Amino acid sequence: MAEKTNQAYPLAPSNGYTRSDGESQLSADELKRKKKIKLAIYITIFVVFQIIVITTMSLTVMKVKTPRFRLGNINVESFVSDSAAPSFDTKFTTQIKIKNSANWGSYKFNAANITFQHQGATLAVIDIAKGKAGWLSTIKRTAEVSLKSSAINGSNFGSELNNGVLTLNSVGRLNGKVAIMFIMKKKKAANMNCTIAFDVAVKNVKSLHCK
């Protein structure tokens, strides 16, 4: 009886199509290309995000603004005037305000002074000790001021008293540095220029304007 010889044949794919080695290599290269494209997209998104973050911080957190240096509330303790002489003598307390509320860093300032004037004539000078205004904050200091008219030589001084309104000025300058996040320091000078109008009749402050 003759023996039957069974030959083994490779199974054909169910779809009837056999993938060649060249096509397999092409598919692998396509996958690599897609992965590279995805990686490039992720890197681009990351770089754009970093640019947005840095730009936003530069325009907000890292932007240094000049602190504001102003007089605050004035409480008149005494006010004596004589339009005939003419002369006046006044004592009052006021707040010295150093506003650093626009900066994300502290403002360290040197000792300075404030000069009270009438049409350029100096009536008094008060000292300001050095200090620091914290980030996004305002510090207030109370000062006692005593002013006399002995240094005034203006010809219209008597007219001011007769008209019932005496106008004085306070000027000053603070020099210091704003420190942002302990990595950047920038010099900033804050100027004071305030106009104080006293109502002679009621012996009190009529208005206070600072710029």
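Predicted model: local features only at pLDDT ≥ 70, side-chain atom pairs only at ≥ 80, totals over all residues.
Which backbone oxygen does the side chain of T94 reach? Residues are numbered from 1 along each chain as its sequence is written, and side-chain values use heavy atoms, with hydrogens and water left out.

The side chain of T94 reaches the backbone oxygen of N73 at 3.3 Å, a polar contact being a pair of N or O atoms within 3.5 Å in which, within protein, one atom must be able to donate a hydrogen and the other to accept it, residues adjacent in sequence counting only if both atoms are side-chain atoms. T94 is placed in strand β2 (residues 87-99); strands (E, at least two residues) and helices (H or I, at least four) are DSSP runs numbered from the N terminus. Beyond four places in sequence, the contacts of T94 (heavy atoms within 4.5 Å) include L71, G72, N73, I74 and R141. The C-alpha atoms of T94 and V76 lie 8.7 Å apart, at a separation of 18 residues in sequence.

Two charged residues are buried without a salt bridge, R70 and E160. A salt bridge is a side-chain nitrogen of Lys or Arg within 4 Å of a carboxyl oxygen of Asp or Glu; Lys and Arg count as positive and Asp and Glu as negative, while His and the chain ends are not counted. R70, in strand β1 (residues 68-82), has D127 as its nearest side chain of opposite charge, 19 Å away. The R70 side chain instead reaches the backbone oxygen of N191 at 3.4 Å. For E160, in helix α2 (residues 157-163), the nearest side chain of opposite charge is K206, at 11 Å. The side chain of E160 reaches the backbone nitrogen of T167 at 3.1 Å, and T167 is also among the contacts of E160, together with H118, Q119, V165 and L166, when neighbours within four places in sequence are left aside.

The largest nonpolar core comprises 38 residues, such a core being a set of buried Ala, Val, Leu, Ile, Met, Phe, Trp, Tyr and Cys residues joined through side-chain atoms within 4.5 Å. Residues with the most contacts inside this core are F69, F88, I114, F116, L147 and L166. Ring pairs link F79, F88, F92, F116, F157 and F198 into a cluster, where rings of Phe, Tyr and Trp (its six-membered ring) pair if their centres lie within 6.5 Å, with planes under 30 degrees apart counted as stacked, over 60 as edge-to-face and the rest as tilted. F79 and F88 are stacked, at 6.1 Å centre to centre and 20° between the planes. Y107 and F109 form a tilted pair, at 6.0 Å and 35°.

Backbone features were also identified in loops. A cis peptide bond, with omega of about -20°, joins A85 and P86, and P86 belongs to the loop between β1 and β2. Q119, in the loop between β4 (112-118) and β5 (121-128), has a positive phi near 50° and is exposed at 52% relative accessibility.

How values were computed:
Buried < 20%, exposed > 50% of the residue type's maximum accessible area, 1.4 Å probe, protein only.
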